Amino acid sequence: MAYSNNNNKRTSRPTRPPFKRRPQQSNQPTVEPTVEIGQRFPLTIKRLGINGEGIGYYKRKITFVPGALPDEVVIAEVTDIEPHYLVAKIHKVREFSPDRVTPRDQYAGLVGGFDLEHMDYQAQLDYKVDVIAQSLEKFKPRGFNKFKLLPTIGMNNPYHYRNKAQFPVRMIDDRIAVGMFKIGTHELVDLPDVATQHPATMKVMRGIRSILETLSIPIYDERADSGILKSIIVRVSEYSGEVQVTFVTISKKFPQLRALLTAIHEKLPQVTSINQNINPEKTSLIWGPETVHLDGKKYITEQINGKFFELSPRAFLQLNPKQTARLYREALEALDLTSADRLIDAYSGIGTLGIAVADKVGEVRGMDTVPEAIADANRNTKLNGITNAEYFVGEAEYLIPNWVAAGWIPDAIIVDPPRTGLDEQLRTTILDVKPKKFVYISCNPSTLARDLVDLVKIYNVEYIQSIDMFPQTARVEAIVKFTRKD
Ligand SMILES: C[S@@+](CC[C@H](N)C(=O)[O-])C[C@H]1O[C@@H](n2cnc3c(N)ncnc32)[C@H](O)[C@@H]1O
């Protein structure tokens, strides 16, 4: 494969044309192209898909080419043939995009999480706006043309932002490897450095790997389903510099634990909290159900926009602290709260959004399905001297209708759901309650577009503000500000 033009900086990039509607599909029956695995053909890349892969058409059949950029001409080699699409890899780039840059990570393209590291950063930011536009176009909610899609808020330095590294551990030959799996395989790539990780996470991860080399803790073997240590999770607080480490093991048994803890104390003093999570299942999920505190503090403390948050090992926290502060500021500005407002912080995690504004509103209620997150949220309200906020364990779609039925009517709702978006029951409740102030933080433009079809029945979308929480990846995050129609 040869597709680097060794351009660290693009020279000139033509002004990106605004998002264009794609031509309507014709109803004419199409003749299926005959194609074989390994077949090569030249392909012009038209645009990027939602996973950051290049998209071209081979004899009118949509063809996904990871790593290819719009306007490039590549020699594509077919790797997968599906009824409605083809997947191909780049054999060679014939014509390079001016947006192509050399990725900082040599293994970008080999492991997941670096979908766009080969693309100029401004072009990444433009792409993220295009993805939202494409998703909304597909669902065509009424009023689509009426709202503004604002340029993506990017980072000055779009590297070293990830505050958490969550890496499996395996033996490769006789050496311990800590890193990520090659895309579509169970083959681990040992990662000495990752340009998107906060340097402290990689320093501690590599330090622990070196310590493990001196001990004889059995490393998990996936094929035999044997060994003890499966994964290591390292999280750093941007504010305090404290590092929290969690070892994921197959059972509670942890041979040489004392020696491991002593070595961490000596060699990695920045590690202030050490924990064990037990995951006996043979699964791709990293976390198991039980977490045990092993040593040091139970929590590390993070600060966001002047408020403090104690984080237990499993607590969800956004991965990009600098952009999180910006995301919250933008979202709360869009809500435009007053001191009389009752606010719902739905899908709250550890209560970061609600706690940030509790002193500006009358009352805050929030909820999350993870009990540890809610325990953290309620502890964090006390930590910040807040007395008008309370967090509950449960589903948004169940708790909010219950609160409303009991007479607790919100003036403002902020929702920050996972990729699945809003449950239908919650959309119905929002349509019934019609809160005057409503903001939606979305990490998935497809489910956002689906939810908008319902929500625009009573709301106008004033604007959609895209914000880059994951530079170098295709992941998109956006804040939607609604205003009620009546
Ligand atoms: C994108 S995170 C947002 C967390 C938080 N707002 C923040 O900024 O850190 C989504 C959260 O929704 C929670 N969640 C998932 N399904 C839920 C549901 N049905 N009801 C309430 N919370 C849910 C998850 O546990 C997760 O903490």
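In what follows, Ala, Val, Leu, Ile, Met, Phe, Trp, Tyr, Cys and Pro count as nonpolar, Asp, Glu, Lys and Arg as charged, and the others, Gly among them, as polar. On this basis, the shell around the ligand comprises 7 nonpolar, 6 polar and 4 charged residues.

The model is predicted: local features need pLDDT of at least 70, side-chain atom pairs count only at pLDDT 80 or more, and totals for chains, interfaces and linings use all residues. Residues are numbered from 1 along each chain as its sequence is written, and side-chain values use heavy atoms, with hydrogens and water left out.

The pLDDT (the predictor's confidence in each residue, from 0 to 100) averages 91 over the chain, and 92% of the residues score at least 70. Over residues 1–26, however, the pLDDT is below 50.

Around the ligand there are 17 residues (a heavy atom within 4 Å), of which Gln-318, Tyr-328, Asp-368, Ala-396 and Asp-416 come nearest.

| Residue, N or O atom | Ligand atom | Distance |
|---|---|---|
| Gln-318, side chain | oxygen | 2.9 Å |
| Ala-396, backbone | nitrogen | 2.9 Å |
| Glu-397, side chain | nitrogen | 3.2 Å |

On its own, the ligand has 600 Å² of accessible area (Shrake-Rupley method, 1.4 Å probe), and the protein covers 87% of this area.

The structure holds 24 salt bridges (a side-chain nitrogen of Lys or Arg within 4 Å of a carboxyl oxygen of Asp or Glu). One of them joins the side chains of Arg-100 and Glu-72, at 2.8 Å from N to O. Arg-100 lies in the loop between strand S6 (86–95) and helix H1 (121–139), and Glu-72 in the loop between strand S4 (61–65) and strand S5 (73–81), so the pair ties together parts that are 28 residues apart in sequence.

Methods
Contact = heavy atoms within 4.5 Å. Polar contact = N/O pair within 3.5 Å; in protein donor to acceptor, adjacent residues only side chain to side chain. Helix = DSSP H or I, 4+ residues; strand = E, 2+ residues; numbered from the N terminus.
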